[in-house]
Structures are given as C-alpha cells and as structure tokens.
Amino acid sequence: MPLIVDGHVHAYPATVFESARTWAAQRDETWWADCVAPTDRPSIQGWADLDQLLRDMDAAGVDQAVMLGWYWQHQTTCEENNQWMARWRRAHPDRLRAFAAVNPAAGRTAIDQTRRWLDDGFNGIGELLDRVQGFRYADSTFAALAELARRYDVPCNLHVTDPLLDQRPGMQPTPLADFTTLATTFPDNTFILAHLGGGLALDPGHRLPPNLYFDTAAVPLIYAPTCYRQAINTVGIDRVIFGSDYPLRVYPRRGPTPDFSRQIDAIRGTDLTPTEFDAIMGVNLLTLLARD
Ligand SMILES: [Zn+2]
C-alpha cells in the first residue's frame, strides 16, 4: 500500500497556542495572530500538540506529515519554529518531516540558518508569503534562498491566495502572475504552490512551467470537491500534492476539532482512479523529496 503523506501541516507546542495572542505580541508577529486568533471574527483555527497530531494521523491513516514553517515576519520566530519542528522530527523520524521556516528579508542570516536546517535533515523550505514577510520574489534576497534550495534540490512551498478571495479578512493578495514569472526565472528550482496555487491549478487558461507543483491545503474551504479531478486534468497527475493545512478547521461547520479524515474521505469520494489517488496522496511528494 502506498503511503498517505500530508504535505501541508502546521504544528505548534501548547505553550504557543494556549495564549496565542500574547505569544505573538511578544514577538511582534501581528499577521499570524490575526490569522489564527482574530479578535474581529470567529476563528476557524484549531490546535493540536504533538501527541494530538500523531493521534489524529493514526485515526485517519496518515503515515507521514510534512510540518511547514509559518511565514513569520521575523527570522528569530522562524528559528523558534524550526527548533521545535526539529525536535519533533527527531522524536518521530518515521512519521514527521519538516520544511524550514525562513524570512528571506533577513538576508545572510536567513540563508545561513536555513542551510543549517537543510544539513540537519529538513526536506524543504516554506511556507513563504512575500508580502507579509517584507520581501518580493523578484528581490536578490529571495534569489539567494532559491539558489540554496537548488543546491540542496529541495522544494519551496509558497502561499498563494485566490484573487477571488483576497478581499476577505486575513487574506493577503498574491498576484498569480508573480508565480509563473518566478517559476520561469528559476527554472531549476521546484516550487509547491499552496492552496492549488490560488486557483492556478484549476484554470486551463494559464501556461504553467513544469517546475510548479500544487498542494490541496485548505481547499475544502474554498473549492468544490470536484477541484481534485479538475486539478489533475489541468496540471497532470504528477503535479498535485495532498495537503490539509491541519490543524486549520477546513470543515468549520462540522465541529470544533481539526482532523485529517474529512478531507481524505472527501477525496476518496471523488471519481479519482486508484492510481490518481495514490499519486496525489503520497507518491508525488515522496518522489519529489527523494531527489535530494
Ligand atoms: Zn499553510
């Protein structure tokens, strides 16, 4: 049986989420605080410590999860995030992998620290969101990070917001053309565009460079269940990667606790062939990560 691998998970210790706004205020992480613990609207964020994460993976038959770093505004917070992910990964090397949190705006420090995590066994870089982190993908600071990723042959996971949604609170506009330009500028890099690339993977009208992959994080919040079939038909069976955005509650009306099962069941309920299912649920990502 091919493995089920969730390529887009965010994991936090209880010390972070038990008082999220205070923790964030101490670090000046205003964007994260307003995303995960907003004061002006109900939150769809759920939380899980390491034990709960592993229990929920077991319950849903998720063999491995890739913990992504958050797109922190400060490199110091990226390092804190990397330290706890490194501890968890070492404790459960058969279940957990990690992508390094990094803020390219921090320049040399960001590159040096990311190199250390890649040497430590991290499998990639991200999630990044340029406009929140204070840089642009066209900047030289990002070029240096892309060069590092290329040297280690690891993918970068980038947050993409669907332009149809970017007026909602907590949404940062990310013009889709930025990502096709980026992929063309760095043809030897691999980019995983989160959230089905903000719809890029659903629209046959875009010419997409071959070094773009697309994860399915949080898509139950924004697209119909037909999006998985549509993405495979648009970008090809090899370029769609299952991700959940756990512990985000991507089915907010179905209860207060996050889980993996609902989205996996929804994907099982589509018309994907067993080969297509296996490809997106693990084979594609493991193939990508096995290259380094
Ligand atoms: Zn994410």
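**Close-up 1. Helices H5 and H6 run side by side in this predicted model.** Helix H5 covers residues 75-91, and its packing angle with H6 is about 5 degrees. An angle under 35 degrees counts as roughly parallel, so H5 and H6 are roughly parallel to each other. Their axes sit 11 Å apart. On the H5 side, the contact is made by Gln75, Glu79, Asn82 and Ala86. H6 brings Thr109, Ala110, Gln113, Trp117 and Asp120 to the contact. Sort the residues of this contact by type and you get 3 nonpolar, 4 polar and 2 charged.

Close-up 2. H8 takes in residues 140-152, which makes 13 residues. From first C-alpha to last, H8 reaches 19 Å, close to the 18 Å expected at 1.5 Å a residue. Look for Phe142, Leu145, Ala146, Leu148 and Ala149: these are the buried residues of H8. What covers the buried residues of H8? The cover includes helix H6 (108-120), strand E4 (124-128) and strand E5 (156-158). Just after H8 comes aspartate 153, with a positive phi of about 50 degrees.

**Close-up 3. Two cis peptide bonds are shown here, one at glutamate 127 and one at proline 247.** As background, most peptide bonds are trans. The bond from glycine 126 to glutamate 127 is cis, and its omega is near 5 degrees. Glutamate 127 belongs to strand E4. The other cis bond joins tyrosine 246 and proline 247, with omega about 5 degrees. Proline 247 is in the loop between strand E8 (240-241) and helix H13 (261-268).

**Close-up 4. Histidine 195 and aspartate 245 have positive phi values.** For context, most residues other than glycine have a negative phi. Histidine 195 lies in helix H10, residues 194-198, and has a phi near 60 degrees. Is histidine 195 buried or exposed? It is buried, because 27 other C-beta atoms lie within 10 Å and 20 or more is the mark for buried. Aspartate 245 has a phi near 75 degrees and sits in the loop between E8 and H13. With 25 C-beta neighbours inside 10 Å, aspartate 245 counts as buried too.

**Close-up 5. Arginine 55 and glycine 107 are partly exposed.** Arginine 55 is part of helix H4, which spans residues 50-60. There are 13 other C-beta atoms within 10 Å of arginine 55, so it is partly exposed. Now find aspartate 259, which is 204 residues from arginine 55 along the chain. Their C-alpha atoms are separated by 9.7 Å. Glycine 107 lies in the loop between strand E3 (96-100) and H6. With 15 C-beta neighbours inside 10 Å, glycine 107 counts as partly exposed. How many residues apart in sequence are glycine 107 and proline 256? They are 149 residues apart, and 40 Å apart in space, C-alpha to C-alpha.

Definitions and conventions:
Residues are numbered from 1 along each chain as its sequence is written. This is a predicted model: local features need pLDDT of at least 70, side-chain atom pairs count only at pLDDT 80 or more; totals for chains, interfaces and linings use all residues. Helices (H or I, at least four residues) and strands (E, at least two) are DSSP runs, numbered from the N terminus. The expected span of a helix is 1.5 Å times one less than its number of residues. A residue is buried if 20 or more other C-beta atoms lie within 10 Å of its own, exposed if 12 or fewer, and partly exposed in between; C-beta atoms are placed from the backbone. Two residues are in contact if their C-beta atoms, placed from the backbone, lie within 7 Å. Axes are lines fitted to C-alpha atoms, for helices over the stretch in contact, and angles run from 0 to 180 degrees between N-to-C directions. Angles under 35 degrees count as roughly parallel, over 145 as roughly antiparallel, 65 to 115 as roughly perpendicular and the rest as oblique. Ala, Val, Leu, Ile, Met, Phe, Trp, Tyr, Cys and Pro count as nonpolar, Asp, Glu, Lys and Arg as charged, and the others, Gly among them, as polar.
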